[in-house]
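Q: Could you take a close look with me at one part of this model, and then connect that part to what surrounds it? I have the sequence and the structure open.

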Amino acid sequence: MPIVTNLDVQLAKNKMSLTELSERVGITIANLSILKSGKAKAIRFSTLEKICKELKCTPGDILEYIPQEDT
Amino acid sequence: MENRKLLVISNSIINIFWVLQILFVILLVVYTLLLIFHVDFIDANILKGFKIHFKSIDFVQPLMHDGQAYKMKLTNGEGRLHADSLNQNFIYFRVLAAFIDSVMYLLILYFLRKILKNLTSDNFFIPENGKLIKKIGYSIIALAIIPEVIHYFTDKMITKSISIENVVIKSEFHFDYQTILLGIIVFVISIVFLRGVEIKEEQDLTI
C-alpha cells in the first residue's frame with residue numbers, strides 16, 4: 001500500500017505509548033496495531049478525529065502517501 | 001435467537017441424514033458384494049433383475065373377460081426386468097450409478113455438516129464457508145448429470161442387446177433440469193456469499 005501511517009513518529013513526539021493512546025481514544029490495542037503496521041484497509045473519520053485530538057496533529061501528520069512504481 | 005434455534009434443528013436433522021446415508025452406502029457395498037459372489041441365501045432374483053423404463057409392452061394374448069377379448073398394453077412405466085440368459089453385467093453399471101449418487105449425497109452432507117459446525121462456533125462469513133457452498137453447488141450439478149448419463153448408456157446397451165417382441169424399452173436422456181437449477185441457485189448464493197466475505201474482511205480492517 002502506498003499509504004503509510006506515521007503513528008509511531010507522532011506517538012514519540014507526544015511521548016505517549018500505544019497503550020496510553022488506546023486508552024485515551026477508546027480503540028483496542030489490537031486495532032491500533034493494525035493501523036500502525038499498515039494492514040488497515042480504511043480508517044473512519046471519527047477515529048482519525050480522536051487520534052488527531054489526542055496527538056495534537058493533523059491527518060497529514062499521521063498519513064503519508066509514498067508513490068510506488070508499478071512493477 | 002430465532003436463527004440459533006433453527007441452526008440447532010437443522011444440525012440435528014442433517015446429523016440424522018448423515019447416519020442414514022452412511023448406512024445406505026454400506027448396504028450398497030454389501031449388495032454389490034452379494035451380486036459379485038452370487039450369494040444364494042437371499043432371493044437372488046430380486047437382486048438380478050434390473051430396473052428399466054419401458055415405452056410400451058403389448059400383451060400377446062388378448063385378455064378374455066365376459067366372453068369378450070380385450071387387447072391390452074402397458075405404456076410408460078418402470079419395472080425390473082428378469083431374464084435368465086441376460087447379460088448380468090448391465091446391473092453393475094446400475095449399481096455404479098447408485099453408488100455415485102449416494103456418494104454425492106454423502107459429500108453434500110459432509111460439506112453441509114462442516115458449514116453448520118462453523119456456524120455453531122460463530123464463524124459466519126469466513127472464506128471456508130463460501131468455498132463449501134460452492135462445492136455443494138458443484139456436487140448438486142454433478143448429482144444431476146453423472147448418474148443420468150450412466151443410466152442413459154446402460155439403457156442404450158440394454159435396448160441394443162435385447163429385443164423382446166412387443167416390448168419397447170425407453171432409452172431417452174432424462175435431463176434433470178430441476179436439480180441443475182437447484183445447483184445453479186446454490187452456486188449463485190455462493191458467489192454472493194464470497195462477496196460478503198470480502199466486505200466483512202474490509203469491515204474488520206477498518207479502524
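Q: In which helix of chain B does Thr32(B) lie?

A: Thr32(B) lies in helix α1 of chain B, which covers residues 2-37; helices (H or I, at least four residues) and strands (E, at least two) are DSSP runs, numbered from the N terminus. Before going further, please keep in mind that this is a predicted model, in which local features need pLDDT of at least 70 and side-chain atom pairs count only at pLDDT 80 or more, while totals for chains, interfaces and linings use all residues. Residues are numbered from 1 along each chain as its sequence is written, and chains are lettered from A and ligands numbered from 1 in the order in which they are written.

Back to your residue. Thr32(B) is partly exposed, because 17 other C-beta atoms lie within 10 Å; a residue is buried with 20 or more, exposed with 12 or fewer and partly exposed in between, with C-beta atoms placed from the backbone. Between the C-alpha atoms of Thr32(B) and Phe99(B) there are 9.7 Å, although 67 residues separate the two along the chain.

The largest nonpolar core has eleven residues, among them Ile108(B), Phe111(B), Leu132(B) and Ile140(B). Such a core is a set of buried Ala, Val, Leu, Ile, Met, Phe, Trp, Tyr and Cys residues joined through C-beta atoms within 7 Å. At least two of its residues come from each of α3 (89-120) and α4 (127-161) of chain B, and α4(B) gives the largest share, seven residues. Leaving out residues up to four places away in sequence, Phe111(B) touches Leu132(B), Lys135(B) and Ile136(B), where contact means C-beta atoms, placed from the backbone, within 7 Å. Apart from this core lies another, of six residues, including Leu21(A) and Ile207(B).

Helix α4(B) also meets α5 (residues 177-204) of chain B: their axes come within 8 Å and cross at roughly 165°. Axes here are lines fitted to C-alpha atoms, for helices over the stretch in contact, and angles run from 0 to 180 degrees between N-to-C directions. That makes α4(B) roughly antiparallel to α5(B), since angles over 145 degrees count as roughly antiparallel, under 35 as roughly parallel, 65 to 115 as roughly perpendicular and the rest as oblique. The crossing of α4(B) past α5(B) is left-handed; that word applies if the near helix is turned anticlockwise from the far one by less than a right angle, and right-handed if clockwise. Among the residues that meet are Ile133(B) and Gly137(B) of α4(B) and Val186(B) and Phe193(B) of α5(B). By class, the contact of α4(B) with α5(B) has 15 nonpolar, six polar and one charged residues, with Ala, Val, Leu, Ile, Met, Phe, Trp, Tyr, Cys and Pro counted as nonpolar, Asp, Glu, Lys and Arg as charged, and the others, Gly among them, as polar.

Finally, where the two chains touch, chain B contributes four residues and chain A eleven.
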